[in-house]
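Reader: Hi, I'd like to go through this one with you. Can we take it piece by piece?

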Amino acid sequence: MEWQPDEQGLQQVLQLLKDSQSPNTATQRAVQQKLEQLNQFPDFNNYLIFVLTRLKSEDEPTRSLSGLILKNNVKAHYQNFPPAVADFIKQECLSNIGDPSPLIRATIAESVVCGLMIYSCCQKFNGRLF
């Protein structure tokens with residue numbers, strides 16, 4: 001069965017993404033703290049890829065920001081992702097690499113896919129690229 005977001009959780013993630021675009025310093029700090037808390041839950045990454053690839057009704061900056069946060073999570077925490085989360089992210093990236101939006105295509109290709117590839121290469125070489 002394919003992963004589906006909880007509607008309340010999805011709305012919270014969307015609000016967080018919108019708040020993160022605020023120029024207010026206090027709001028930015030609160031968003032950063034909330035992101036750190038949410039990163040404790042691997043399922044959070046499913047919400048991020050879902051926003052990036054499936055919520056085409058959302059504005060592109062919000063969708064792209066979701067992908068950039070996911071890219072950072074892949075770089076920092078991919079080794080701790082449960083297999084189901086890693087597989088869902090890979091599946092969504094591959095299924096949506098042809099998104100009609102150039103910004104979303106670039107976010108998927110350059111951010112998420114490259115991050116996954118770098119992580120996979122490092123694993124094959126025991127963390128050493130040279």
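Reader: Is Glu110 buried or exposed?
Author: Glu110 has a relative accessibility of 59%, so Glu110 counts as exposed. The cut-offs are under 20% relative accessible area for buried, over 50% for exposed and partly exposed in between, with a 1.4 Å probe and protein chains only.

Reader: Where is Glu110 placed?
Author: Glu110 is in helix α6. Its C-alpha atom is separated by 9.6 Å from that of Leu68, 42 residues apart along the chain.

Reader: What kind of model is this?
Author: This is a predicted model, where local features need pLDDT of at least 70, side-chain atom pairs count only at pLDDT 80 or more, and totals for chains, interfaces and linings use all residues. Residues are numbered from 1 along each chain as its sequence is written, and side-chain values use heavy atoms, with hydrogens and water left out.

Reader: OK, the overall picture. How many helices and strands are there?
Author: The protein chain has six helices and zero strands. Helices (H or I, at least four residues) and strands (E, at least two) are DSSP runs, numbered from the N terminus.

Reader: How much of the chain is buried?
Author: Buried residues are 41% of the 130 residues.

Reader: And what share of contacts joins residues at least 24 apart?
Author: Take contacts between residues at least 6 apart in sequence: 66% join residues at least 24 apart. A contact means heavy atoms within 4.5 Å.

Reader: New topic. How do α1 and α3 pack?
Author: Helix α1 (residues 7-19) and helix α3 (residues 43-54) pack at about 70°, with axes 10 Å apart. Axes are lines fitted to C-alpha atoms, for helices over the stretch in contact, and angles run from 0 to 180 degrees between N-to-C directions.

Reader: What do you call that arrangement?
Author: The two helices, α1 and α3, are therefore roughly perpendicular. That word covers 65 to 115 degrees; under 35 is roughly parallel, over 145 roughly antiparallel and the rest oblique.

Reader: Which residues meet there?
Author: From α1 come Gly9, Leu10, Val13, Leu14 and Leu17, and from α3 come Phe44, Tyr47, Leu48, Phe50 and Val51. Nine of the residues in this contact are nonpolar, one is polar and none is charged. Ala, Val, Leu, Ile, Met, Phe, Trp, Tyr, Cys and Pro count as nonpolar, Asp, Glu, Lys and Arg as charged, and the others, Gly among them, as polar.

Reader: Rings next. How many aromatic pairs are there?
Author: There are four. In one of them, Trp3 and Tyr47 have ring centres 4.9 Å apart and planes at 85°, so they are edge-to-face. Rings of Phe, Tyr and Trp (its six-membered ring) pair if their centres lie within 6.5 Å; planes under 30 degrees apart are stacked, over 60 edge-to-face and the rest tilted.

Reader: Where do Trp3 and Tyr47 sit in the chain?
Author: Trp3 is in the segment before α1 and Tyr47 is in helix α3, 44 residues apart. Both are buried.

Reader: What about Trp3 and Phe88?
Author: That pair is tilted, with 5.5 Å centre to centre and 55° between the planes. Phe88 lies in helix α5 (residues 83-96), so the pair ties together parts 85 residues apart in sequence. Phe88 is buried at 5% relative accessibility.

Reader: Which residues make up the ring cluster?
Author: Ring pairs link Trp3, Tyr47, Phe50 and Phe88.

Reader: Last one: where does Asp99 lie?
Author: Asp99 is in the loop between α5 and α6 (102-124). Asp99 counts as buried, at 3% relative accessibility.
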